[in-house]
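Dear colleague,

Please find below the structure that I am handing over to you, followed by a written account of what was found in it.

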Amino acid sequence: MSAIRFEPTKQYYATTSLVVGYALCSSFLAVINKFAITKFNYPGLLTALQYITSALGVWVLGKFGFLHHDPFKLDIANKFLPAAVVFYLAIFTNTNLLRHANVDTFIVFRSLTPLLVALADTIFRRQPCPSKLTFMSLLIILGGAVGYVATDSAFTLTAYSWAFAYLVTITTEMVYIKHMVMNLGLNTWGFVLYNNLLSLMMAPIFWVLTGEYNEVFAALVANGGNWFEPVAFTAVSLSCLFGLLISFFGFAARKAVSATAFTVTGVVNKFLTVMINVLIWDKHATPFGLVCLLFTLSGGVLYQQSVTGPPPHDSTASKQTGDASDNDDHEDNQDKKMPGKHASV
């Protein structure tokens with residue numbers, strides 16, 4: 001009996017750790033990627049280096065027994081391929097958005113995804129409709145984003161084209177990969193391996209389609225074959241390291257919370273991103289734009305208050321004894337109907 005009583009609280013804090021880990025990685029990665037793309041202006045090559053670091057890191061650590069991942073099998077790879085394509089497009093548009101716009105613009109468009117994901121969750125994954133308070137919080141996020149865009153002095157058609165492309169792909173990615181996580185049966189490191197290895201295989205196609213390979217070879221010739229610059233090397237290395245970390249925490253957190261709650265987690269942690277961005281350089285929005293941005297992020301906090309609460313009590317222990325698949329579906333539905341089910345955001 002005592003073991004059963006302990007399990008809900010243990011699960012709550014395990015979920016909290018995963019979500020906090022994802023939030024911290026996501027907060028720093030946006031600024032690190034902006035810094036990396038500023039010093040190493042090849043988005044396709046940068047993301048490919050992130051993919052190979054993550055895939056190789058999982059494989060090497062698995063060989064030495066530090067972690068366990070599912071083996072790579074072609075039949076599973078074929079099932080996972082559509083999700084990997086969506087993931088690659090989301091990262092590709094994200095990197096190009098950071099290339100052409102400041103971090104604040106990226107955050108604003110990232111903040112719009114909970115509203116779209118909530119609608120997609122309801123329509124395609126048959127999740128319950130958001131409550132009135134939840135929907136109001138999502139509209140606050142939208143209002144702040146509109147205010148930011150209306151006052152963005154750094155508006156360019158190129159930047160906002162990438163921003164809208166990112167908005168579409170990241171919304172699709174959040175919902176579709178959540179579906180894959182819940183139904184494919186891979187463990188967390190297995191998802192990291194499949195996702196990054198398949199994305200790495202797609203990288204050469206986009207190098208050719210975008211013509212980036214010409215820029216890379218031209219730069220290589222111009223520098224006499226010497227690409228090593230300490231600052232750029234450090235920025236790219238940090239980007240790759242945090243790419244591996246966010247892959248793990250991202251997939252683990254997706255299993256623990258709903259698609260919308262996971263998406264809002266990525267929005268609220270941007271408070272820290274904004275603070276870092278303002279402190280380290282001048283590549284940020286106007287004061288009024290920052291107010292709109294903070295207004296948007298406040299909507300994320302309100303959303304969090306509308307769907308979460310204190311850790312589950314002993315009385316909920318009996319609800320934790322179903323089989324794994326039933327429990328996953330139950331938690332996905334409950335996080336929007338009952339407070340206290342998740343430590344999301």
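**Overall architecture**

The protein has 14 helices and 0 strands, where helices (H or I, at least four residues) and strands (E, at least two) are DSSP runs numbered from the N terminus. Read along the sequence, the pattern is α-α-α-α-α-α-α-α-α-α-α-α-α-α. This is a predicted model, in which local features need pLDDT of at least 70 and side-chain atom pairs count only at pLDDT 80 or more, while totals for chains, interfaces and linings use all residues. Residues are numbered from 1 along each chain as its sequence is written, and side-chain values use heavy atoms, with hydrogens and water left out.

Of the 345 residues in the protein, 52% are buried; buried means under 20% relative accessible area, exposed over 50%, and partly exposed in between (1.4 Å probe, protein chains only). Among contacts between residues at least 6 apart in sequence, 88% join residues at least 24 apart, a contact being heavy atoms within 4.5 Å.

Two packed helices are described by the angle between their axes and the distance between the axes. Here, axes are lines fitted to C-alpha atoms, for helices over the stretch in contact, and angles run from 0 to 180 degrees between N-to-C directions.

Helix H3 (residues 74-100) packs against helix H8 (residues 188-210) at an angle of about 60 degrees, and their axes are 8 Å apart. That makes H3 oblique to H8; angles under 35 degrees count as roughly parallel, over 145 as roughly antiparallel, 65 to 115 as roughly perpendicular and the rest as oblique. The crossing of H3 and H8 is right-handed. By convention, a crossing is left-handed if the near helix is turned anticlockwise from the far one by less than a right angle, and right-handed if clockwise.

The residues that H3 brings to this contact include Phe80, Ala84, Phe87 and Phe92, and those of H8 include Phe191, Leu198, Met202 and Phe206. By class, the residues of the contact of H3 with H8 divide into 17 nonpolar, 3 polar and no charged. In this count Ala, Val, Leu, Ile, Met, Phe, Trp, Tyr, Cys and Pro are nonpolar, Asp, Glu, Lys and Arg are charged, and the others, Gly among them, are polar.

Lys79 is also found in H3, and it counts as exposed at 53% relative accessibility. Not counting residues up to four places away in sequence, Lys79 touches Met180 and Leu184. The C-alpha atoms of Lys79 and Met180 are separated by 8.9 Å, although the two residues are 101 residues apart along the chain.

Asn102 lies in the loop between H3 and helix H4 (103-111) and counts as buried, at 11% relative accessibility. Asn102 caps the N-terminal end of H4, with a side-chain oxygen 2.8 Å from the backbone nitrogen of Thr105.

In H4, 9 of the 9 residues are buried, so the helix is largely enclosed by the rest of the structure. Among them are Asp104, Thr105, Ile107 and Arg110.

The axes of H4 and helix H6 (residues 132-150) come within 9 Å and cross at roughly 150 degrees, and the crossing is left-handed. Asp104, Thr105, Val108, Phe109 and Ser111 of H4 make the contact with Ile141, Ala145, Tyr148 and Val149 of H6. The residues of this contact comprise 6 nonpolar, 2 polar and 1 charged.

Asn277 is buried, with a relative accessible area of 0%. Its C-alpha atom is separated by 8.2 Å from that of Asp104, 173 residues away along the chain. Val274 is buried as well, at 8% relative accessibility, and touches Ile107, Leu290, Leu293 and Leu297, not counting residues up to four places away in sequence. The C-alpha atoms of Val274 and Leu293, 19 residues apart along the chain, are separated by 8.7 Å.

**Helices H5 and H6**

Helix H5 (residues 113-124) also packs against H6, at an angle of about 140 degrees and with the axes 8 Å apart. That makes H5 oblique to H6. Pro114, Leu115, Ala118 and Leu119 of H5 meet Phe135, Leu138, Ile141 and Leu142 of H6. This contact has 8 nonpolar, no polar and no charged residues.

Yours sincerely

Key
A polar contact is a pair of N or O atoms within 3.5 Å; within protein, one must be able to donate a hydrogen and the other to accept it, and residues adjacent in sequence count only if both atoms are side-chain atoms.
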